[in-house]
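Keep the viewer open as you read.

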Amino acid sequence: MTMNPEAQMQFLYTLRSKGVTDGRTLQAMEKIDRGVFVKGLFATRAYEDMPLPIACGQTISQPSVVGLMTQALNVQPRDKVLEVGTGSGYQAAILSQLARRVYTVDRYLRLVREAQLVFDSLGIVNITAMAIDGSYGLPDQAPFDRILVTAAAEDPPGPLLAQLKTGGIMVLPVGQSDTVQSLIKVTRTETGFDYEELRSVRFVPLVEGMGQE
Ligand code: SAH
């Protein structure tokens, strides 16, 4: 399935109208076809601005939320980025267009394997996908310039804060699952952390331990 020009124009128009205005983010989202990350019944709805179900009871995020998170992360071309919550791989593929290297992790091996197949089919070579519990981050590759968490924790996980470089940015949803969560931008300064609340969102929860599939 490929995006026809009309669907693509509508897709980009919706992103802009929902506040995704950063040129590099829009370019990356124009290039990465969401249709290849959505399988089965819902594939025909890939260009709607809605979260959709994927395997293992998880969801691919709403495109405008992906855009707003990507834009808030302000990724630079030399950056090493960690994403916690690979899911379909869509967000990681967008980050791969903006960063030097992306590490993406998920607690479901099945999701990591399927995402890796899509990265391979698209010829994306700067993503390393791993099946681990991302609540402890990825100590072997730390520190990171940018960290994006796409599942909601009650608070920013300590190990992730510790793995952020000085001057680095982490974007994550925080709050109880199934209630209102806030998208937060954390910037690590010389002396501590600055917190900025961006908007309310709804994500699946960050769950400790490995998944069964
Ligand atoms: N970014 C994804 C959407 C992620 S949905 C995309 O673009 O499609 C959230 C994902 O976080 C789910 O796949 C879930 O399995 C994963 N997740 C939840 N808790 C986790 C944890 N502790 N470590 C790693 N991944 C986790």
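Helices here are DSSP runs of H or I with at least four residues, strands are runs of E with at least two, and both are numbered from the N terminus. A word on provenance: this is a predicted model, where local features need pLDDT of at least 70, side-chain atom pairs count only at pLDDT 80 or more, and totals for chains, interfaces and linings use all residues. Residues are numbered from 1 along each chain as its sequence is written, and side-chain values use heavy atoms, with hydrogens and water left out.

By that bookkeeping, the protein has 6 helices and 9 strands. Its radius of gyration (over C-alpha atoms) is 16 Å, close to the 17 Å that the globule rule gives for 213 residues, so the protein is as compact as a globular protein of that length. The rule itself is 2.2 Å times the number of residues to the power 0.38. If you'd rather think in boxes, the C-alpha atoms fill one of roughly 50 × 40 × 35 Å along the principal axes.

How much of the chain is buried? Of the 213 residues, 52% are, where buried means under 20% relative accessible area, exposed over 50%, and partly exposed in between, with a 1.4 Å probe and protein chains only. Take the contacts, meaning heavy atoms within 4.5 Å, between residues at least 6 apart in sequence: 55% of them join residues at least 24 apart.

Now for the inside. A nonpolar core is a set of buried Ala, Val, Leu, Ile, Met, Phe, Trp, Tyr and Cys residues joined through side-chain atoms within 4.5 Å. The largest one has 51 residues, and F37, L73, Y90, F119 and V171 touch the most other members. Elements that each supply at least two of its residues include helix 1 (5-17), helix 5 (109-122) and strand 7 (164-174). Helix 3 gives the most, with 6 residues. Click on F119 and, leaving out residues up to four places away in sequence, you'll find it touching F37, G89, A92, A93, T104, I124, I127 and A129. There is also a second, separate core of 16 residues, with Y103, F144, V149 and L164 among them.

Of its 11 residues, 10 are buried, so helix 3 is largely enclosed by the rest of the structure. Among those buried are P63, V66, M69 and L73. Just after this helix comes N74, with a positive phi of about 50° although N74 is not a glycine. N74 sits in the loop between helix 3 and strand 3 (80-84) and is partly exposed, with a relative accessible area of 36%.

C56 is another non-glycine residue with a positive phi, near 60°. You'll find C56 in the loop between strand 1 and strand 2 (59-60), and with a relative accessible area of 11% C56 is buried.

Is M50 buried or partly exposed? Partly exposed, at 31% relative accessibility. Apart from neighbours within four places in sequence, M50 contacts R34, R45, S61, Q62 and P63.

Last stop: the peptide bond from A142 to P143 is cis, with omega near 5°. P143 lies in the loop between strand 5 and strand 6 (144-149).
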